[in-house]
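Please walk through this structure with the sheet as the guide. Keep the model open while reading.

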Amino acid sequence: MNRHSIQTRLVVYPLIFLLLALGLVGGISAWLARESLLGQMKDDGLVMAGQVLKRIGADPDLYGDPTGSPEPFQELVEDVSGEESVVYALVFDRELLAVADSEPADVGEDYSGDEAYEGVIRGVPDASQWYHEASGRDVYEIASPIRLGDQVVGGLVLGLSRILRPGPAVSDHTGAGDH
């Protein structure tokens, strides 16, 4: 009986240890993969936001101040939100009012009190992850200042759902003569 107990311990304890080690390695691998995915989403989102901001800066006569002429911004938001990885896109003015939104019913929404968007108006970009109830998905949100010269005139917000595919995220045209 003593011999059977020793044999059982020699088999069961290493097996339990092995299962625990495999679970730990699997958990760490999943965490590292998630962190890598979030880092890639952030990097790709910043690139996409940069491309959109470059497009705005390339044609200041068309875009100008979002408060004065929101129509070009609405077209831009609709164009960008057509990308597969973009859950939503919006542009707000210096008063934190949405002047263009991928959900047109949300145009006019007041984002006063949103610390991240208030930071954008002060020139500080923001990136965060949160659950977007309307789409039922976790999104990675990139919020960037829109500048005319040295002045911040509003903010661009992109909500991304997954890793972006390689290649240009938005068309490179400036909008001049295309409409």
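This is a predicted model: local features need pLDDT of at least 70, side-chain atom pairs count only at pLDDT 80 or more; totals for chains, interfaces and linings use all residues.

Residues are numbered from 1 along each chain as its sequence is written, and side-chain values use heavy atoms, with hydrogens and water left out.

Start with the sheet. It is open, has five strands and runs in the order β2-β1-β5-β4-β3, with antiparallel pairing. Strands here are DSSP runs of E with at least two residues, helices are runs of H or I with at least four, and both are numbered from the N terminus. Two strands pair if DSSP finds at least two bridges between them. Strands β2 (98–101) and β3 (126–132) are the edges, each pairing on one side only. On average, neighbouring strands are turned by 25° against each other, direction ignored. Axes are lines fitted to C-alpha atoms, for helices over the stretch in contact, and angles run from 0 to 180 degrees between N-to-C directions.

Now take the pairings. Strand β1 (residues 86–93) meets strand β5 (residues 151–160) in the antiparallel sense over seven bridges. There, D93 has G154 in β5 as its bridge partner. Helix α3 (residues 71–81) packs on the sheet and touches β1, β2, β4 (137–148) and β5. Contact means heavy atoms within 4.5 Å. The direction of α3 makes about 160° with that of β1.

Strands β3 and β4 also pair in the antiparallel sense over seven bridges. D126 stands opposite A143 in β4. The two strands form a hairpin with four residues between them. In the turn, G136 has a positive phi of about 70°.

Is V157 buried or exposed? This residue of strand β5 is buried, with a relative accessible area of 0%. Buried means under 20% relative accessible area, exposed over 50%, and partly exposed in between (1.4 Å probe, protein chains only). Not counting residues up to four places away in sequence, V157 touches Y88, A89, L90, F92, Y117, E141, I142 and A143. V157 and D101 are 56 residues apart in sequence and 9.3 Å apart in space, C-alpha to C-alpha.

Finally, turn to helix α1 (residues 2–58), where Y13 is found. Y13 is exposed, with a relative accessible area of 53%.
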